[in-house]
Amino acid sequence: MVDPSGGKLSDLLLSDVPPVLRSRDQEFHEIQEAKERLEEEKNILQIKFNAKTKALQDLEQSMEQEIQNRTRELKEKVKDSENSRVALMNMLEDIEELRQREENEKEKTLAIITHLVDGLVFFDALDRVSLINPRMESFFNLGREDAQKSIGKKFSDFIKIPALSPLADVLGAALKDISREEIIIDKNKAFEVSVSAVSGQRGKIGTILIIHDISREKMVEKMKTEFVSIAAHQLRTPISAIKWTIRMLLDGDLGAINEEQREFLDKTYKSNERMINLINDLLNVTRIEEGRYLYNMEIADVENVVAGLISGYEDIARRKNLKMIFEKSPAPPVKVDLEKIKLVISNLIENALKYTPASGKISISVNEDNGGAAVRVRDTGIGIPSDQQDRIFTKYFRSPNAVKAETEGTGLGLFIAKNIVEGHGGQIGFSSEDGKGSSFYFILPPASPKE
Amino acid sequence: MKKILLIEDEELIIKLLNKKLTIAGYEVSLAMDGEQGLAKMKQNVPDLVLLDIVMPRMGGFEVMAQMRKDEKLAKVPVIIISNSGQPLELEKAKELGAADWLFKTEFDPREVVTKIEKHIGH
């Protein structure tokens, strides 16, 4: 660095020197000046340089800062993404777990369906076969291949498979809900068919067809029926002998009897008659169950049949102080097994007599109904409680209020009546109010359709 | 006196019917099975046969079939006395030409007499 005061000193020295010298001096001076200018310039440059340097340093510093910031940001971002990655991994793991669980569920469901003792077919929402389980295949001797081939088939085509013809009879041409319809394949094989639509939260998912094997139940039922039939037949002979013996004793054929003996014999005879009725009911039931029941179909006028039967009950009605009226209007002739139809009418009248308290009223009517012949028996009796009404035609069923009113009764009468009426292609029904009375009716189709 | 042949294997029923029919004024002969019955009626043709269905050796249906083949017996009325009341049994009895039938549980001896009177009188 040059001392700033040095310049002035040289100026003073130069003014005092001679010209020759002066030129040297001057030269020197000029050099000196130049030197100084240079020095000055150098200084300026130095300053500039310093300034630039400073700026550069600043820049460098700020860049450094910037880099640091960026780096930090970057690091943060990296960390973030690291976190996201971990989160993503976790999610994937969760999804995998869910998938696995679903897979397991699916496997479990499939295993259940496969090993189900029932045959099963699942149809999708468009009624196309989407699943057939092995039991279904074996029930109908449906080959594996045939079963596989039918996947995706519409129900209407599926049901045309020859092996499934027994099913077609109950199912018809379109899928509809069915509850436990029986189909008999042969002597040793019987199934129960159920069809029900399956709905999810978003509406119909499909339809499920379930085949339940009831061969065993059928066999047990048949054995039971046979047993009852044999037992009842065996009972008839000794019971007949008792009946005949008592009758002859009562008639005095075996010698005179006194009043007390007559009273006892009379009661015994009536007891025996009840036993005979029970046996007859049981035999009727077994015949219904064996499907051999209606014989001797003949053309008859229901009103004559009813009229003939009513006369036999007038005595009982009078004794019980019941008013019994018969209203008849024209009804078409019907083709019936007369003995069986008499059984139905008697049953309805006897029930009315049995379950109507003294001074009540029983009205019996015959008239035309929808082209057929209708018989109605109305009473002012004890009625059927509403919670018992759906069981009234069930075998052996007796409503508790009926049992209370009349201890005698097998619970078979209405079961038999229903079977007889339905066997004739007719229908049977009732309306009743607890404590007020009942009205039973049955309608038989006309002997020949009206022209 | 009208002659009735009773073919029945139940001893008590035989006793009861025999008594009842005798009181009613008929001459009663008895057979315990179909074979015996057929032999008896060939010997002495009755006015009416009371016939059980289920019997040892020869059953009632076979007896009827044999009677139809025999000129002397073909016209003799037969009343079936049956235990079972099975409609099939009844059908077959009709086919073989039974004049009437009665089920033991539904009839009693008094009504048997009524039925007999209906067919052959007293």
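Which residues of chain A form a nonpolar patch on the surface? I found Leu88(A), Met89(A), Met91(A), Leu92(A) and Ile95(A), with about 500 Å² of accessible area together. Accessible area is Shrake-Rupley with a 1.4 Å probe, and for residues only the protein chains shown count as cover. Patch residues have over 30% relative accessible area and no salt bridge, and nonpolar side chains are joined within 5 Å. Leu92(A) sits in helix H2 (residues 19-115) of chain A.

A note on the source: this is a predicted model, where local features need pLDDT of at least 70 and side-chain atom pairs need 80 or more, while totals for chains, interfaces and linings use all residues. Residues are numbered from 1 along each chain as written, chains are lettered from A in the order written, and side-chain values use heavy atoms, without hydrogens and water.

Next, the interface. I see 20 residues from chain A and 24 residues from chain B in contact (heavy atoms within 4.5 Å). The two chains bury about 2,200 Å² between them, 59% of it on carbon and sulfur atoms (accessible area lost on being put together, 1.4 Å probe, summed over both). Arg236(A), Trp244(A) and Met248(A) supply 30% of the area that chain A buries against chain B, more than any other three residues.

Last, the charges. I count three salt bridges between chain A and chain B (a Lys or Arg side-chain nitrogen within 4 Å of an Asp or Glu carboxyl oxygen). One joins the side chains of Asp251(A) and Arg110(B), at 3.3 Å, N to O.

Note on methods. Patch = residues over 30% accessible without salt bridge, like charges linked within 9 Å, V, L, I, M, F, W, Y side chains within 5 Å. Helix = DSSP H or I, 4+ residues; strand = E, 2+ residues; numbered from the N terminus.
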